[in-house]
Amino acid sequence: MKIKYSELIDQTLYFPTEEFNVADNTLQFHDIPLMEVIEQFGTPLKFNYLPKISTNIQRAKAWFKEAFEINDYKKSYRYCYCTKSSHFAFVLEEALKNDISLETSSAYDIDIVKSLYDKGKFDKNVEVICNGFKTDDYLAKISDLINKGFENITPILDNYRELDKLTESIDCKFNIGIRIAAEEEPKFEFYTSRLGIGYKDIIPYYSQKIADHPNARLKMLHFFINTGIKDTAYYWNELYKCLRVYARLKKIAPEVDSLNIGGGFPIKTSLNFDYDYQYMVNEIVSQIKKFCEEEGVEEPNIYTEFGSFTVGESGGHLYKIISQKRQNDREKWNMIDSSFMTTLPDTWAISRKFIMLPLNRWEDTYERVFLGGLTCDSDDYYNSEQHTNAIYLPTFSDTKPLYIGFFNTGAYQETIGGYGGVHHCLMPQPKHILIDKDEEGNFTYTVFREEQKPEDVLKLLGY
């Protein structure tokens, strides 16, 4: 017996959610009428819903505030935005409305900091945590900011060479941090992170090179593991090793007062997503507090560097199903009017899953399908959802157009796939809009970039 797509969703998922609901047979995302957006701007379409950026920042701040109160934690919490997740100006400008710090990864990020300062988005008191392997250009730009009076710039040493180069170019006192080279999960192809300085080497390095340095002051220990913040034995074991280094440092270097636990908060990739953020934050704060008390040292200020969590859930991509191909008795391919490899590279590069839902025809019957992109590459497809091993969509019809959306796609897609320029099989970049709310609570729409024109691509290729 055939049933409606809406009934399938009711039987298999928790729906509606805080982000999604259906009104008049069409999907809404944070109450945004997506079919109306398509009628106005067409497809394929990329959008960013700016208020979600501030919402997530404030959520994290509230979780840490509550955890500090529960655990009688005496020091402070600082939220940093990891700029490599999305470098767009509209992302940085929205995030900076929330009294945050910035985290950088390359020399080009420093150019962004300078641009935002020139635009009056912050003053010289802005706090910037400078991570990553530092080229001479990156080190020179960091030094230039510090020499010009940006006192809250903290380069995090990734290797021994960096302090020597900073010492040569900075003519005043400056803060530094050290990144711990964490041990990776056993399933990784390598044992220790390529980033940072080994656990056993940090104390000797401090004693030999930093303790008596005329200008450099060690303020921060930086800890991050690739798997993110998860309630696993591996995560807690690595955190404890980091805390042991912090406690030993604190006893010989009282100026060390901050622990940066990096990023790693997950974002929703399924409607069945289940992660207790408040529990994890409280447990982290509790363990840090308890460990420091046992060691007889003052607990540190806590820093985080959330990137995907800040911006990921603000983004979405909308497509139209333009045709259906039947390759055999069982496989039906719904073809979108764009390319996954161009617009959602994580889906093929690392097999990432996103929330995918139809935007209309929820009261129609459904069928199992595969989704195909327009390039000639066999990898340009999407074949399962996070919560099931298949994709189900309203039944294809030549007379009733079907539209679909991929949601929480706001982090990393453009930096991986490239924004503008030439893409695989010359697939054009889709139109990109920003969605905001005015003071009355009405949605506002701004075209950030028009759809890429074929002649622009050909010009890049020399035609």
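Modeller: A salt bridge is a side-chain nitrogen of Lys or Arg within 4 Å of a carboxyl oxygen of Asp or Glu. Between domain 1 and domain 2, the count is two salt bridges.

First, the ground rules. This is a predicted model: local features need pLDDT of at least 70, side-chain atom pairs need pLDDT 80 or more, and totals for chains, interfaces and linings use all residues. Residues count from 1 along each chain as its sequence is written, and side-chain values use heavy atoms, without hydrogens or water.

Now the domains (bounds from an automatic or database assignment). Domain 1 is made of two stretches, 5-49 and 316-461, while domain 2 covers 73-305. Taken over C-alpha atoms, their centres lie 35 Å apart. Where they touch, 26 residues of domain 1 are in contact with 13 residues of domain 2 (contact: heavy atoms within 4.5 Å). The area buried between them is about 1600 Å², and carbon and sulfur atoms give 62% of that. Three residues stand out here: I355, N408 and Y412 supply 26% of what domain 1 buries against domain 2, more than any other three. Buried area here is the accessible area (1.4 Å probe) lost when two parts are put together, summed over both.

On to the charged pairs. E19 and K268 form a salt bridge, and their closest N and O atoms are 2.7 Å apart. Which elements give two or more residues to the side of domain 1 that touches domain 2? They are β15 (355-358), α14 (413-417) and β20 (431-437). Helices (H or I, at least four residues) and strands (E, at least two) are DSSP runs, numbered from the N terminus.

Look wider. The structure holds 27 salt bridges. One of them joins K4 and E363, at 3.2 Å from N to O. This pair links parts 359 residues apart: K4 sits in the segment before α1 (5-12), and E363 in the loop between β15 and β16 (366-372). K4 is partly exposed because its relative accessibility is 36%. E363, at 38%, is partly exposed too. The cut-offs: buried is under 20% relative accessible area, exposed over 50%, partly exposed in between (1.4 Å probe, protein chains only).

Next, E313 and K52. Their side chains meet in a salt bridge at 3.5 Å, N to O. E313 is in the loop between α11 (308-311) and β13 (315-326), whereas K52 is in helix α3 (residues 51-70), 261 residues away. Both E313 and K52 are buried.

D144 has a relative accessible area of 24%, so D144 is partly exposed. K114, at 26%, counts as partly exposed as well. Elsewhere, shared partners join E18, E19 and K268 into one network of salt bridges.

Stay with helix α5 (residues 107-118) a moment: I112 lies in it. I112 is partly exposed, since its relative accessible area is 24%. I112 and F88 are 24 residues apart along the chain, and their C-alpha atoms are separated by 9.6 Å.

Last, a lysine. K250 lies in helix α9 (residues 233-252). With a relative accessible area of 12%, K250 is buried. Leaving out residues up to four places away in sequence, K250 touches V256, D257, V297 and E298.
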